[in-house]
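Hi,

Here is the structure I promised to pass on. Have a look at it first, and then read on for what turned up.

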Amino acid sequence: MTGQPGTESFGIGSLLPAAAGGTVAMLDVRDLHVQIAARHGTVRAVDGVSLEVGNGEALGLVGESGSGKSMTLRAILGVLPPEAKITSGQIVLDGVDLVPLSNSDLNRIRGPKMSMIFQEPMSALNPVMRVGNQIAEGPRVHLGYGKAKAAERALELMRRVGIPDPERRFRAFPHEFSGGMRQRVMIAIALSCDPEIILCDEPTTALDVTIQDQILRLLARLCAESGVSLIFVTHDLPVVAQLCQRVAVMYGGQLVETGDVRDVLLDPRHPYTLGLVRSAPDVDYVRESLVPIPGSPPSLVTPPSGCRFHPRCSFAEEDCTVLPTPLRELPGGRSTACLHYERCQEAVAADRAGS
Amino acid sequence: MSAAQTVPDDAAATTWPLLAARDMAVYFAVGSALGARLRHQQHMLHAVDGVDLDLARGEALALVGESGSGKSTLALALAGLRPVNRGEIRFDGRVLPARRSRADQRRIQMVFQDPYSSLNPRLTVGGMLRELLKVHHIVPPGEAEAYSKELLSLVGLDEDALRAYPRQFSGGQRQRVAIARALALRPEILVADEPVSALDVSVQATILNLLRDLRGELGLALLLISHNLAVVRHLCDRVAVMYLGRIVEVAPTARLFADPRHPYTKGLLAAIPKLSDNPAVGDGAVRSGPAVVGDPPSALRIPAGCRFRTRCPIAQPVCEVEDPALTHATLDPAHQAACHFAFAPAQPAAVVPEPLRKE
């Protein structure tokens, strides 16, 4: 780590783009814990998650509903629901820890440094404000642009995200747009202040497959052109394969496997990842029968001891029920939380031989 | 009309498939009724606009297409839950009347997308099934309980589920209850509208496997509506692709995936993300154009000629004037496509059209 993140006073000056930091991670989440106070106990929604996202890198964060992937994203952006609290951990963006920051300090980061694209653009956009003004709002507030300059910026962004006829559509309202076009507007807003990282919460789940393809291509192009980093939360493994270089798999509030997208999805080293891959129908090959993951996700109030996946795991042994299972490094820049990951390797090899 | 309904034509019945739709159309009135009276003209949205469809006994047919293509409306109309504006629906060769008899209703049952809103929250599963069996006289009242238990074991639920309310189940279990409810009437056709879209990936597999097993066990015909072509490939014998209220291509599943003939089907297949395909890594970062450009046009203003021409990479002048009908190659009547060039020896060169300008 360069610089002294802890001693740096936080002001508007530190919001300017930092000098190219070489291989230093742009976003570094360290041992993040998020807890939600509920009537039946404390829900440990995120339980010791550490992530790194490099410059211009797209990281896929996958898992079932309730695995804590959206909660991790919301914690990074600082928009947790009121009953949820970050209890420990650091979220370091460009050398600044975001966890202790006040809301008004965060407001100066959200927009110019990081922004978010939501799943349902219709509920994220303001229905009574012209689309062009919504895109121009960020530059006016955060970059100090005048009205004319901001409008010009909005038109340029609308062109960049592929909205046809931007001069006319500038004055349109969100309801006049199709789902795909609304998502393009969301992307234009997210890009409006040149952020360094964009957090995406299932941005293509509500879209048709042809429109999803258009949006994924757009995001991939923007990443390559402008060097913006992405965290892409989804439950759809093939979508991650299209867009991301690295993937992190979450289960029960913890990371269970990380690594290069191709390695993790095609040759998993954790039985949960293997289960996800086996249960998802893929167009490329038809299996005799899909293999579902038995059982249901763990309670996050009283999670199972040892490995949280052991009650549903066909490879589980006695040590899985007692030993803690932190992520362990494997050769090839990947890591797994599984104590018996060789079993996975064997199962994948058997699948290959059988198909 | 009533003659055709009461005297089934035995000679015709042998040649008709189990369910057949001919030139079926479903319209929605849009805009205010007052506006329509002032203009002396009602704007109509053509959700389904001239569809021919066959479903054989025991067959699994998929309907795929983008949202707004009319696939759900077509399914509702086939199940008798929406009135049809034009065309006819035949069951075993007999034309179904606009108001179906209870016996006809029984033979086509439906499973909906969202198991959270399609089950009555105030009825236990047992109560729900009891009511259904009583109304349709499926089994004598004394045997209702035993029959219900049998149904639950068929869909993989415990007997205890009879006393439980829908809220006590997980999403996957609710969808099982919905399937048990549909099967209670011993239907011949099960219409499933996106049965797994609302479920988690790991649960989707259990429901898909269940549908596949039930088909084998009960000899059910299945009409599966889905936007997910991977699901379709896993489950169905034949696929019909819909675009703006029309079927543009229909073929046996393996052939549709191996050799799509309509440009829209080609685009749809190319747009599916695949696990093994990772263009973002390495040299693949520079990507080609999207599989299908633009948005589908509004069903209120359907383009003249071929409906797909505004997004079609091989559109020609003829496509603007002539609406292509479903045709097939001479040797292969099972594979049909509605494109002027689907079975032409040489296809026009692909040009990416300008993104559609909406007016």
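How do β4(A) and strand β5 of chain A pair, and over how many bridges? They pair in the antiparallel sense, over two bridges. Before going further, please keep in mind that this is a predicted model.

In β5(A), which covers residues 96-97, Val96(A) stands opposite Leu93(A). Two residues sit between the strands of this hairpin, and Asp94(A) takes a positive phi near 55 degrees there. On its other pairing, β4(A) (residues 84-93) joins strand β1 (residues 27-38) of chain A, again antiparallel, with eight bridges. One pair to look up there is Arg30(A), whose bridge partner in β4(A) is Gln90(A).

Chain B has a sheet you can compare by eye. Its four strands form an open sheet in the order β2-β1-β4-β5 with antiparallel pairing. The edges are β2 (43-55) and β5 (94-95) of chain B; each has a single partner strand, so one side of each lacks a neighbour in the sheet. The partner of β5(B) is strand β4 (residues 86-91) of chain B, antiparallel over two bridges, and Phe91(B) stands opposite Arg94(B) in β5(B).

Back in chain A, have a look at strand β7 (residues 197-201). Five of its five residues are buried, so β7(A) is largely enclosed by the rest of the structure. Both of its faces are covered: Ile197(A), Leu199(A) and Asp201(A) are buried on one side, and Ile198(A) and Cys200(A) on the other. As for neighbours, β7(A) runs parallel to strand β6 (residues 114-117) of chain A, with four bridges joining them, and Met116(A) stands opposite Leu199(A). Five bridges also join β7(A) to strand β8 (residues 229-234) of chain A, and these two run parallel as well. Here Asp201(A) stands opposite Val233(A).

Next, helix α5 (residues 147-160) of chain A. Its 14 residues should span 20 Å at 1.5 Å a residue, and the end C-alpha atoms are 20 Å apart, which agrees. The buried residues in α5(A) are Ala150(A), Arg153(A), Ala154(A), Leu157(A) and Met158(A). They cover an arc of only 140 degrees around the axis, which puts them on the same side of α5(A). What do they pack against? The answer is α4 (131-142), α6 (166-169) and α7 (179-191) of chain A. Just after the helix, Gly162(A) takes a positive phi of about 80 degrees.

Finally, the place where the chains meet. In all, 46 residues of chain A are in contact with 40 residues of chain B. On the chain A side, α7, α8, α9 (237-243), α10 (261-266) and α11 (271-279) each give two or more residues. The largest share, eight residues, comes from α8(A). By type, that side divides into 25 nonpolar, twelve polar and nine charged residues.

One of those helices, α11(A), has nine of its nine residues buried, so it is largely enclosed by the rest of the structure. Among them are Tyr272(A), Leu276(A) and Arg278(A). The buried residues of α11(A) pack against several elements of chain A, including β9 (246-251) and α12 (341-354), and also against α9 (201-218) of chain B.

Happy browsing!

How values were computed: Residues are numbered from 1 along each chain as its sequence is written. Chains are lettered from A and ligands numbered from 1 in the order in which they are written. This is a predicted model: local features need pLDDT of at least 70, side-chain atom pairs count only at pLDDT 80 or more; totals for chains, interfaces and linings use all residues. A residue is buried if 20 or more other C-beta atoms lie within 10 Å of its own, exposed if 12 or fewer, and partly exposed in between; C-beta atoms are placed from the backbone. Two strands pair if DSSP finds at least two bridges between them. The expected span of a helix is 1.5 Å times one less than its number of residues. The arc is that of the directions from the helix axis to the C-beta atoms. Two residues are in contact if their C-beta atoms, placed from the backbone, lie within 7 Å. Ala, Val, Leu, Ile, Met, Phe, Trp, Tyr, Cys and Pro count as nonpolar, Asp, Glu, Lys and Arg as charged, and the others, Gly among them, as polar.
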